[in-house]
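Subject: Structure for your review

Dear colleague,

Please find below the structure that I am handing over to you, together with its sequence.

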Amino acid sequence: MSTYAIGDLQGCYDSLRRLLDVCAFDPQYDRLWLTGDLVNRGPQSLATLRFVRGLGNAAVTVLGNHDLYLLMLAYGAMQGQAAPRRSEHTLDEILTADDREDLLTWLRAQPLCHVEGRDCLVHAGLLPQWSVAQARALAAEVETGLRGADFRELLAHLWGSEPAAWSEDLQGWARVRCIVNAMTRMRFCSAQGVMEFRSKGETTSAPAGYLPWFAVPGRRSADHRLVTGHWSALGLRQTENHLALDTGCLWGRQLTAVCLEDGRLFQVDCAPGESACA
């Protein structure tokens, strides 16, 4: 059995199927770890969502910011917000699909953070103050709300970048929003864990006083290997305690898989017609 960790799909279904062929993935024996952002911007979000859901226990995915955006859009949580215009997303085919509710219910049931042994799968990263055990417990707080009867109220309070720093004293929607933003949106933060959400470039473009989250000295999750996506400008990064896998397929580059057991690397170029740069 092999476990293949794969970076952000964002509706690039053809590239995914080609990559699985290259890996010789067999859902009867192998597993996928997906870093989130299954949907949006690419051309086949519906096919991607249906395929991953159909893999059942052979696939583990965490929620990314685009997956949460789909849920917020679907359940009216974006009303009155300065959100992207309808022409700037590719989610209509999901929103109008006959199996829309089945797919959205499945998506709401996916974790923010998944841990097995020394590996921790999360879309963006973890704040430097958090151990993996603490992060898993915090993720569970949000997951319980997303799966519960009042999930619409939770979604209505997710939009926004404040509070930008974690405190054990945070309560209510501020606490939920901080957890979600760290795990699905963060790239740079200060040594004290204050998050910065505007910068999306390479690590050398960090604003003054900020570092890539994984470079903060004394990061408490450094005893695990964090498997992440989200940061296409970072690209592939393989260290003892970090595996970054968003290699920008959506932007005309590659879709990447790494076998967690032995480190084998697999890549395919973006399939024709899938690049958002076309």
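The notes below go through the sheets, the helices and a few backbone details in turn.

Please keep in mind that this is a predicted model.

The five-stranded sheet

An open sheet is built from 5 strands in the order S4-S5-S9-S11-S10, and its pairing is mixed. Strand S4 (113-116) and strand S10 (237-239) form the edges, each pairing on one side only. On average, neighbouring strands in this sheet are turned by 15° against each other, direction ignored.

Helix H6 and its neighbours

Helix H6 (residues 132-147) lies across S4, strand S5 (119-122) and strand S9 (225-228), and runs at about 135° to S4. H6 has 16 residues and reaches 22 Å from its first C-alpha to its last, close to the 22 Å expected at 1.5 Å a residue. Which residues of H6 are buried? They are Val132, Gln134, Ala135, Leu138, Ala139, Val142, Glu143 and Leu146.

On the H6 side the contact involves Ala135, Leu138, Ala139, Glu141 and Val142, which meet Arg175, Val176, Ile179, Val180 and Met183 in H8.

Helices H2 and H5

The axes of helix H2 (residues 45-54) and helix H5 (residues 100-108) come within 11 Å and cross at roughly 65°. This crossing of H2 and H5 is left-handed. From H2, the residues Leu46, Leu49, Arg50, Val52 and Arg53 meet Asp102, Leu103, Trp106 and Leu107 in H5. The buried residues of H5 are Arg100, Leu103, Leu104, Trp106, Leu107 and Arg108. What do these buried residues pack against? Their partners are H2, strand S3 (59-61), helix H3 (65-74), helix H4 (92-95), H6 and helix H7 (151-156).

Strand S12 (residues 254-259) is mostly covered, with 5 of its 6 residues buried. Strand S1 (residues 3-6) pairs with S12 in the antiparallel sense over 3 bridges, and isoleucine 6 stands opposite alanine 257 in S12. S12 is also joined to strand S13 (residues 265-269) by 5 bridges, again running antiparallel. Alanine 257 has phenylalanine 266 of S13 as a bridge partner. The hairpin of S12 and S13 has 5 residues between the strands, and glycine 263 there takes a positive phi near 80°.

In a regular strand the side chains alternate between the two faces of the sheet. In S13, Phe266 and Val268 make up the covered face, whereas Leu265, Gln267 and Asp269 make up the uncovered one.

The three-stranded sheet

A further open sheet has 3 strands in the order S7-S6-S8, with antiparallel pairing. Strand S7 (195-196) and strand S8 (211-212) stand at the edges with a single partner strand each, so one side of each is left without a neighbour in the sheet. Strand S6 (residues 188-189) pairs with S7 over 2 bridges in the antiparallel sense. In this pair, cysteine 189 has methionine 195 of S7 as its bridge partner.

Backbone details in the loops

The peptide bond from glutamate 162 to proline 163 is cis, with omega near 0°. Proline 163 lies in the loop between H7 and H8.

Asparagine 40 lies in the loop between strand S2 (31-34) and H2, and has a positive phi of about 90° although it is not a glycine. Arginine 41 is found in the loop between S2 and H2, with a positive phi of about 80°, although it is not a glycine either. Are these residues buried or partly exposed? Asparagine 40 counts as buried, at 3% relative accessibility, whereas arginine 41 counts as partly exposed, at 37%.

With kind regards

How values were computed: Residues numbered from 1 in each chain as written. Predicted model: local features only at pLDDT ≥ 70, side-chain atom pairs only at ≥ 80, totals over all residues. Heavy atoms only, no water. Pairing = 2+ DSSP bridges. Helix = DSSP H or I, 4+ residues; strand = E, 2+ residues; numbered from the N terminus. Axes fitted to C-alpha atoms, helices over the stretch in contact; angles between N-to-C directions. Contact = heavy atoms within 4.5 Å. Expected span 1.5 Å × (residues − 1). Buried < 20%, exposed > 50% of the residue type's maximum accessible area, 1.4 Å probe, protein only. Left-handed = near helix turned anticlockwise from the far one by under 90°.
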